[in-house]
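Subject: Structure handover and findings

Hello,

Here is the structure I said I would pass on. My notes on it follow the display.

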Amino acid sequence: MKFKVIFLLFNLIILFSLLSVLFLPVFLQDWDFMRLFWTSNVPLAVLSAVLFLVFFALVNGYFLRYRRLYEYLENEDWEGVLSHLYFLLFERKKLRSSYIRIYIHTSVVQAQPQRIVELEQMLREQNASVRLRFSLELGLPSILANNHAGMQEYYGRLREEVSGKQQPWLLWLYAFSLFLQGQVNTAATHFEHLLKTQSDVVLLILVLYAYAPCIRRQQAAEYSAIQEKRRQIREKYSLNQLRARVERKSGNIVLLVLDRFVQDAVEWIYSEETAND
């Protein structure tokens, strides 16, 4: 019902706006003035009518295009969402970012990572640019399955192909997969690089938390660099402020999947320095 109510309200607002413009001369003067105004301003009347019809068509077209998806979401019919988006993505080849994002998120919520695997395979064959745009999210099946070797293979390959804002996150996930497999020296090399080159505080706390166990106290320079970066973060952000920064990254579904690890990393930043060293 919410979708239908919103749809009706939008149309009522559009109609009210049209009537307000139409009867504005009445509010300013009287009925005779309105008749005189519009008969002497025919081009303006035509332009107003055209603009109204275009806007009306765009708004209603948007609602009607996404009507079925909105209804599934409103009713929390997640299987309906997945089936509908599967049809749009795989059969109709409508590879819109919004469709892909909702499809991935819903697949995670419904514990159906195989759908993401199929999506990655389809995009690899049919649209490489879209695949690279969602390179972080498309690697989620290996994370969800605790398949550390799979993480290493996937993110190790993608970190060479992707540039821009995603690249440091891909590198961290690659290094993290190495760390989880006991390849601490190789992982530490990548963590150290990220520590020196990145300024995103959310990424930094994850780097620090994974990097610290790789370093022994005897490695004085590396150990001091970790503790200094922790101190800088504590001085710049309170615990609640840092939690808020993490919350702002809620669109990054990888952080949601690794939520326990992320929260532990935040707490560790403010713990005693001996707690995880």
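The expected span of a helix is 1.5 Å times one less than its number of residues. Helix 7 (residues 97-109) has 13 residues, and from its first C-alpha to its last it reaches 18 Å, close to the 18 Å expected at 1.5 Å a residue. Please keep in mind that this is a predicted model.

Overall content

The protein chain has 19 helices and zero strands. Of its 277 residues, 38% are buried. Taking contacts between residues at least 6 apart in sequence, 59% join residues at least 24 apart.

Helix 7

The buried residues of helix 7 are Tyr-99, Ile-100, Tyr-103, Ile-104, Thr-106 and Ser-107. An α-helix has 3.6 residues a turn, so residues three or four places apart point the same way. The cover over the buried residues of helix 7 includes helix 5, helix 6, helix 8 (113-126), helix 9 (128-133), helix 10 (135-138) and helix 11 (140-144). Just after helix 7, Ala-111 takes a positive phi of about 55°.

Helix 6 has 14 residues and reaches 19 Å from first C-alpha to last, close to the 20 Å expected at 1.5 Å a residue. Buried in helix 6 are Gly-80, Val-81, Leu-82, His-84, Leu-85, Leu-88, Leu-89 and Phe-90. Helix 5, helix 7 and helix 8 are included in what covers them.

Two packed helices are described by the angle between their axes and the distance between the axes. For helix 5 (residues 67-74) and helix 6 (residues 78-91), the angle is about 155° and the axes are 8 Å apart. Helix 5 is therefore roughly antiparallel to helix 6, because angles over 145 degrees count as such. The crossing of helix 5 and helix 6 is left-handed. On the helix 5 side, the residues in contact are Arg-68, Leu-69, Tyr-72 and Leu-73; they meet Trp-78, Gly-80, Val-81, His-84 and Leu-85 in helix 6. By class, this contact of helix 5 with helix 6 has six nonpolar, two polar and one charged residues.

Loops on either side of helix 6

Most residues other than glycine have a negative phi, and most peptide bonds are trans. Glu-76 is not a glycine, yet has a positive phi of about 55°. Glu-76 sits in the loop between helix 5 and helix 6 and counts as exposed because its relative accessibility is 55%. Lys-93, also not a glycine, has a positive phi near 60°. Lys-93 lies in the loop between helix 6 and helix 7. Its relative accessibility is 40%, so Lys-93 counts as partly exposed.

Helix 13 and helix 15

The axes of helix 13 (residues 166-180) and helix 15 come within 11 Å and cross at roughly 15°. That makes helix 13 roughly parallel to helix 15, because angles under 35 degrees count as roughly parallel. The crossing of helix 13 and helix 15 is left-handed. From helix 13, Pro-168, Trp-169, Trp-172, Phe-176 and Phe-179 meet Val-202, Leu-203, Leu-206, Val-207 and Ala-210 in helix 15. The residues of this contact divide into ten nonpolar, no polar and no charged.

Tyr-209 is found in helix 15 (residues 201-211). Its relative accessible area is 18%, so Tyr-209 is buried, the cut-off being under 20%. Tyr-209 and Ile-226 are 17 residues apart in sequence and 9.2 Å apart in space, C-alpha to C-alpha.

Trp-268 is in helix 19 (residues 259-269). With 4% relative accessibility, Trp-268 counts as buried. Trp-268 and Leu-208 are 60 residues apart in sequence, and their C-alpha atoms are 9.5 Å apart in space.

Regards

Methods
Residues are numbered from 1 along each chain as its sequence is written. This is a predicted model: local features need pLDDT of at least 70, side-chain atom pairs count only at pLDDT 80 or more; totals for chains, interfaces and linings use all residues. Side-chain values use heavy atoms; hydrogens and water are left out. Axes are lines fitted to C-alpha atoms, for helices over the stretch in contact, and angles run from 0 to 180 degrees between N-to-C directions. Helices (H or I, at least four residues) and strands (E, at least two) are DSSP runs, numbered from the N terminus. Angles under 35 degrees count as roughly parallel, over 145 as roughly antiparallel, 65 to 115 as roughly perpendicular and the rest as oblique. A crossing is left-handed if the near helix is turned anticlockwise from the far one by less than a right angle, and right-handed if clockwise. Contact means heavy atoms within 4.5 Å. Ala, Val, Leu, Ile, Met, Phe, Trp, Tyr, Cys and Pro count as nonpolar, Asp, Glu, Lys and Arg as charged, and the others, Gly among them, as polar. Buried means under 20% relative accessible area, exposed over 50%, partly exposed in between (1.4 Å probe, protein chains only).
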